[in-house]
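Work through these exercises on aromatic rings. Try each task before you read its solution.

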Amino acid sequence: MKITTTFISLLLFFSSQAQNKLTENNSENPCITDVEYAELQKQISENLKHLPQSGYRGASVTLNWPLKPAAGLTDCSYYNIAAYVDHDAAVGPFKDFNCGTNSYDGHRGTDIATWPFNFYKMDNDLVEVIAAADGTIIAVHDGEFDRNCSSNNLTANYVMIQHSDGSTALYWHMKKNSVTQKIVGQTVVAGEKLGVVGSSGSASGPHLHFEVWAGADVSTRIDPFAGNCNSLNQNSWWASQKAAKETGVVRASVHSTDIVLPGCPTTETLNESSIYEMPFQGPGLPAGYAKFYIFIRDEINGMSGTMSILNPDQSTFATWTYTSTADNKIKTFGWSKKLPTVAGTYTFKATYNGVTCSSTFDMTTAAGVSALVSEEKFSVYPNPSSGVITLETAMVGGQVIFFYNILGAKVYEAKITSSKTEINLGNQSGVYFYQLTSPDQQTTTGKIVIR
Ligand SMILES: [Zn+2]
């Protein structure tokens, strides 16, 4: 027990808190300016003249969540609510449907921000905007700059969809050139990809502004969330309404050194790795240490979380706790922790508010990845190579391969869609590690050398 206590205090010495970035629009920085609303209104009124109309028949449509993680995103969740609809009619004060203050004055939509690593997610198309319900496109626009950080007069990349009951939904701020190729008048089905979350238009960072109208005019706007302070409509429009606060860990991950969170619009550097070759030396860290990060959404002051590193047999290698000292919409926290020294696959697990999130990482020896290489029919050749390699597998369908350099930085990733895939890692000589993950989360790892 004594040893453990000393061990933990030593580890705490190396703990650190990453900067928390929260990008949000506000009343001085609205998602959609009055000029934009007028322009949009004009456009859809014109478009609707040429489309068959079903007419407003009340709130019969139910909405599904308008975002989904792309196939390559393995985080436990990927968003936080930056602002709900404002239900305080007065100029100045604001309140959300739940009588809280997660809104801004005059806000007519729900701002769903991607998090953590919002520009990384945008660059890699990791969070998709999808149709919340079946409908017909009544406005669509693409081609606008998508790395805005503050208020501006630019328009966004967007789609507006009219549902069978005459209600409409607006999807705003999407990534440039990600918007559906469909045109006004074409139909979409619930769940269909409309684009990728971006920061086009008047945005302070990548997020979806999702706005719902009961009709085809902004004066009929509603809030899909039902709650005591919803002044616009009684019933929820969601097929399944999410909690106003979704407190929990959205990501628990292991990194070869500190993550880098530059300001908007620079893409974050994750320095994430799931393979650690012994002896491991992370830049700026004590020998044999790595950084263990947790990402908490809707943090509650005073609440404690538990982190554990589990051995390959699921017994505990290390465990520690974290206690929140403030309410925060998002919180990033990282610790330097000593890595295990026996080869194998380990789990980093974090639990907060009863929500558990975990990820695995491999400790490997210099001789290769030893016991970890599975029997899957899979080969990477030639090895050593000049940088161009072929990946051959008998099992095709949904596998993802990652290549890491010796520092644990990811240098390449691809989805395997055929039995033979040529990969060009460039001619930077050195040792690289690969990790192939099958759709059922089985991983195969290995080492290659580029000369
Ligand atoms: Zn908004």
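Predicted model: local features only at pLDDT ≥ 70, side-chain atom pairs only at ≥ 80, totals over all residues.

**Exercise 1.** Count the aromatic pairs in the whole structure. Then classify the pair of Phe-292 and Trp-320.

*Solution.* Step one: the search of the whole structure gives 28 aromatic pairs. Step two: for Phe-292 and Trp-320, the distance is 6.1 Å centre to centre, with 80° between the planes. Planes over 60 degrees apart count as edge-to-face. The pair is edge-to-face. Step three: place the residues. Phe-292 is in strand β14 (residues 289–299) and Trp-320 in strand β16 (residues 316–323). They are 28 residues apart, and the pair links distant parts of the chain. Step four: check burial. Phe-292 and Trp-320 are both buried.

**Exercise 2.** Decide whether the rings of Tyr-346 and Phe-361 are stacked or edge-to-face.

*Solution.* The ring centres are 5.8 Å apart. The planes meet at 25°, so this pair is stacked. Next, locate the residues. Tyr-346 lies in strand β18 (residues 344–352), Phe-361 in strand β19 (residues 355–364). The pair therefore ties together parts 15 residues apart in sequence. Tyr-346 and Phe-361 are both buried.

**Exercise 3.** Which aromatic cluster do Phe-292, Trp-320, Tyr-346 and Phe-361 belong to?

*Solution.* These four residues belong to one aromatic cluster. Other members include Tyr-276, Phe-280, Phe-333 and Trp-335.

How values were computed: Residues numbered from 1 in each chain as written. Heavy atoms only, no water. Phe/Tyr/Trp six-rings, centres within 6.5 Å; stacked < 30°, edge-to-face > 60°. Helix = DSSP H or I, 4+ residues; strand = E, 2+ residues; numbered from the N terminus. Buried < 20%, exposed > 50% of the residue type's maximum accessible area, 1.4 Å probe, protein only.
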